[in-house]
Amino acid sequence: MTVGVRALAEQMLREGDLVSGFSARPRPIDAIRAHQKIQDERPENYTAEVSVSHTIEEELFDLKIGGRIDGLFPASSENPPMVEEIKTTLMDPSHFSADPFPENPIHWGQGKIYAYLYLLANDLEEIGVQLTYAHLKTGEIRSFQKSFPIETLADFFHEVIGRYRRWAEIAVNWKIERDRSIRELAFPFPGYRPGQREMAVSVYRTIREGKQLMVGAPTGIGKTAAAIFPAVKALGEEHIDKLFFLAARTTGKGAAEKSAAHLEENGLRFRWLTLTAKARICFSVDGPCNAVSCPYAVGYYDRLDAGLAELLDLPRLTRQVIESVAEKHLLCPFELSLELILWADGIICDYNYAFDPKAYLRRIFDEKGKYGLLIDEAHNLVDRSREMFSAEIDKASVLAARKSLRGKRDALYRTLGKINSWMLQEKKGLDRKEKEDRNGNCFIADSPSPPEDLLSLLTAFTKAMEPRLSASAADPPPQALLDLFFEALDFLRVAQGFDETYALLYSAPEKNLSVRLFCIDPAPQMRAALCRSRSAILFSATLSPAPYFKTVLGLDEDADELYLSSPFPESHLKVLCANRISTRFKDRDATLSRVVESLAALVSGKKGNYLLFFPSYAYMEKALERFSGMVYDVKILVQAPGMGERERLQFMEHFMTARVSGEREGTLAGFAVMGGVFGEGIDLVGDRLSGAAIVGVGLPGISLERELIKQHFEGEYGAGYAYAYQFPGINRVLQAAGRVIRTEMDRGVVLLIDDRYFSFRYRNLLPKEWTPAAVLGPKDLKTALSQFWKSNGDRDASRNINLHHRTINGEDPCPAFKKSSSSR
């Protein structure tokens, strides 16, 4: 085992409260330059960057402690040699200059360990330690010196190592047990579904070779198990050190947890950790996050070891488990879950923990590591990445922050006033703008780069905030002020990388003004984020066309692709197309009656549950009004904009409970919007969903942002319309249609309503197993539905799944992927 001196000191010498002080994070390059400047100013006989290491032989392992001393002053006739540890800081300058200077046990501990390792290597009896602090903004330097005999340093070092040994033995014993269980692990089901083993082998090979892979795998293949099982095998063979399952939704994380449970039931010993957003897991969500008022922060590090020891005996660290232990030991559950990252083998979390510059796990991803990324429902990553890499400041937030100061007319109050005045001036100028979207309130700024005046004001604001955010601040800042601080930091960060992949946008609804740095093309930043890991596997039922996703998500040119066919017989799904109806924006009023007649024919074909998807709320409302007057024996549910979790669950509950049992009482029709919460990520198996209608081709609404995407990719690849509208639209269509057939027992209908589906441009984007049948009108549609339901009504729903174990190119690339003898 190898541990760095800094990590050893930070892990073993923490004590006291969980400090929640914030400050603008210094750029690594600034810290490096400050170190180099100090080193260059030292005497000629000073030696910079001195490597030291020492190995301790233990029963289970050899422990190597090492690192690089920032600098070494040689011995003189009066003094022993002295190691120097340099620290850069952005603390409040008044605190930096105060006496006595706050003594940091971790910093002194790091210096003392370096000093002891140097003593051992050079057979010395005494040595000095100098801590040098450099303030990155003021340039002020402060140094503090102490001398230590070898006996004092030896006692200190062995005490620290003794504490570390306990945790090292836990880690080594767990690794031995984990790796043994991985070697013995078989696939946790009786056999592979069609296509599942092919996916599993590809995932394993990709991780083994340190590459990237895109997998288009339709519903029913068992994507989650086919990704996690081979990744665990690869970790057991040390191709990766840590596994991340990244999901866009709670349902994705739930599927991963379920798959982890299956593997555990089959003998796997693997420590899984599920990360939950701070706002959802915090015990003091309504109170400020500081050691003054939060009992879970006071004395946090004094109780941490007991909580960790209890959790490390458990294989699956879910939200419920972490909350229970955190409550028992009075520990902040969010910080506790972050602490567990270093101990976990697999981490189940949201995309933002790996990609979002505001939230990614710096303790993991600040440097490239042997990590494997399993990216679930990766089609969502296109829009999510644009959101993560964009930034916005608005006038309403500035006014709310200023108001929260409650009349404290200090420098911070005045700075917020200047920001507000700048926005007022800009808003007045927007009346003369001519470039606007359909809403009449979004504009492309004349400037090709972020306004320097605003950047200067935001920088002044973040500086003025630092005294209020330091650990020694008497009162925590109001939430509105804190929110604006983080928004300003994000805006300044994005502004530093502003280039041709960005656009500066203004929007001015009513009395507000928003300034947005919009990420048009996330590929460069996604590429950099993906490169922090050894391997990445992106999988979804809708990752087509491949060049679009590879380009926008910044994948390597040699990234592999795997596209699998549906494991279900084509006869289980009837795809019909009303191909003589145009749903283009200009034709919608003229064809609305024909659209509604087709929907009425669909739901009258068989008693059951149906989802009817539309491209927009406005269009849906018009259709709903006509539909309600046309059918009288159908129960209607309607998706509302901004539905909360409770309302969404109530909507879904109707589909879950209204199941066919003998003779069904009636039919349920749910009106929903493509790309919304009901368009993906929901499972309505069996008789819970009989069919779905897709009105239109799913095109996103026309907006300034979409037009900018179109313009950018037209210039780059000559495919602007496709990248901005067509490809995102067809993915919405396929996701909505994917709700119908979820298992081998299901039968259902998909009705496509638009004449464009039979054009080459769109037919080529539909799944190859689809054979859409044209229906000329409601009568033709009813006939086709009657024939389909009649042919499926008396058929036994069960069928045998082909359990197979194939070889590739005559050889078995991974013998571990043979079927298990255990039962499902």
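**Figure 1. Overview of the chain.** Among contacts in the protein chain between residues at least 6 apart in sequence, 79% join residues at least 24 apart, where contact means heavy atoms within 4.5 Å. This is a predicted model, in which local features need pLDDT of at least 70 and side-chain atom pairs count only at pLDDT 80 or more, while totals for chains, interfaces and linings use all residues. Residues are numbered from 1 along each chain as its sequence is written, and side-chain values use heavy atoms, with hydrogens and water left out. The protein chain has 28 helices and 25 strands; these are DSSP runs numbered from the N terminus, helices being H or I with at least four residues and strands E with at least two. With a radius of gyration of 31 Å, close to the 28 Å that the globule rule gives for 824 residues, the protein chain is as compact as a globular protein of that length. That radius is taken over C-alpha atoms, and the globule rule is 2.2 Å times the number of residues to the power 0.38. Along the principal axes, the C-alpha atoms fill a box of roughly 105 × 75 × 50 Å. Of the 824 residues, 53% are buried (buried means under 20% relative accessible area, exposed over 50%, partly exposed in between, with a 1.4 Å probe and protein chains only).

Figure 2. The mean pLDDT of the protein chain is 89, and 91% of its residues reach 70 or more; pLDDT is the predictor's confidence in each residue, from 0 to 100. Two stretches call for care. Over residues 434–439 pLDDT stays under 50, and the model has 9 contacts beyond four places in sequence for them. Residues 818–824 also stay under 50, with 20 such contacts in the model. Where pLDDT is low, the predicted coordinates should not be read in detail.

**Figure 3. The buried side of helix H1.** Which residues of helix H1 (residues 5–12) are buried? They are Val5, Leu8, Ala9 and Met12. These residues cover an arc of only 95 degrees around the axis, which puts them on the same side of H1; the arc is that of the directions from the helix axis to the C-beta atoms. An α-helix has 3.6 residues a turn, so residues three or four places apart point the same way. The partners of the buried residues of H1 are strand S1 (2–4), strand S3 (62–73), helix H4 (105–122) and helix H5 (150–184).

Figure 4. The structure holds 34 salt bridges, each a side-chain nitrogen of Lys or Arg within 4 Å of a carboxyl oxygen of Asp or Glu. Aspartate 179 and arginine 178 form one of them, at 3.0 Å from N to O. Aspartate 179 is buried at 9% relative accessibility, and arginine 178 is buried at 7%. Both residues belong to a network of salt bridges that links Lys175, Arg178, Asp179, Glu238 and Asp345. Aspartate 754 and arginine 756 make another salt bridge, with their closest N and O atoms 2.9 Å apart. Here aspartate 754 is buried at 0% relative accessible area and arginine 756 is buried at 14%.

**Figure 5. A bridge between strand S18 and helix H21.** Glutamate 561 forms a salt bridge with lysine 550, the closest N and O atoms being 3.3 Å apart. Glutamate 561 sits in S18 (residues 560–563) and lysine 550 in H21 (residues 546–552), 11 residues apart. Buried or partly exposed: which is glutamate 561? Glutamate 561 counts as partly exposed, at 43% relative accessibility, whereas lysine 550 is buried at 14%.

**Figure 6. Leucine 734 and its surroundings.** Leucine 734 has its place in helix H26 (residues 720–737) and is buried, with a relative accessible area of 13%. Beyond its neighbours within four places in sequence, leucine 734 is in contact with Thr542, Leu765, Leu766, Pro767 and Trp770.

**Figure 7. Backbone geometry worth a second look.** Most residues other than glycine have a negative phi, and most peptide bonds are trans. Serine 544 and proline 545 are joined by a cis peptide bond, with omega about 5 degrees; proline 545 is in the loop between strand S17 (535–540) and H21. Leucine 330, not a glycine, has a positive phi of about 55 degrees and lies in the loop between helix H11 (319–329) and helix H12 (333–340). Glutamate 377 has a positive phi of about 45 degrees, in the loop between S12 and helix H15 (381–389).
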